[in-house]
Amino acid sequence: MKTLLIVLMIIVGIIFVTSVLLMSPKWWLGTAIGWIAGSDEYGSKKSLEWKLKKIAIVTSIVFCVLVIILPYVN
C-alpha cells in the first residue's frame, strides 16, 4: 500500500509540474520556456489556462493529502 501511495505521489507531482509549466508566463522563466517552445502566443487561450489552473489546484491538494497520509500507512 505504501508503494502504491509513493507511485501515486510521483504521478501527481509530475502532472502538477507539467500543468504549472504550461500556464501562461508571468515571469522571465515562463517567458523563456515559451520562447524555447517556439510559441509566440503562449497561453493565449483562456479556457486552456483555466483548465490548467484547475488541474494545478486539484493536483496540489491531492499531493498534500498523500503526503499527510503516507506516514500513517503500513
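The legends below describe close-up views of a predicted model.

**View 1. Overall fold of the protein chain.** The protein chain contains three helices and zero strands, arranged along the sequence as α-α-α (helices, H or I, of at least four residues and strands, E, of at least two are DSSP runs, numbered from the N terminus). Of its 74 residues, 23% are buried (under 20% relative accessible area, with exposed over 50% and partly exposed in between; 1.4 Å probe, protein chains only).

**View 2. The nonpolar surface patch.** Val7, Ile11, Ile15 and Ile55 together form a nonpolar patch with about 310 Å² of accessible area, and helix 1 (residues 2–22) supplies the largest share, three residues. Ile55 is found in helix 3 (residues 46–69), and at 38% relative accessibility Ile55 counts as partly exposed.

**View 3. Thr59 and its surroundings.** Thr59 also lies in helix 3, where its 10% relative accessibility makes it count as buried. A polar atom of the Thr59 side chain lies 2.7 Å from the backbone oxygen of Ile55. Leaving aside residues up to four places away in sequence, Thr59 touches Val12, Ile15 and Phe16 (contact means heavy atoms within 4.5 Å).

**Notes to all views.** Residues are numbered from 1 along each chain as its sequence is written, and side-chain values use heavy atoms, with hydrogens and water left out. Because the model is predicted, local features need pLDDT of at least 70 and side-chain atom pairs count only at pLDDT 80 or more, whereas totals for chains, interfaces and linings use all residues.

Note on methods:
Patch = residues over 30% accessible without salt bridge, like charges linked within 9 Å, V, L, I, M, F, W, Y side chains within 5 Å. Areas by Shrake-Rupley, 256 points an atom, 1.4 Å probe, with all protein chains shown as cover. Salt bridge = Lys/Arg side-chain N within 4 Å of Asp/Glu carboxyl O. Polar contact = N/O pair within 3.5 Å; in protein donor to acceptor, adjacent residues only side chain to side chain.
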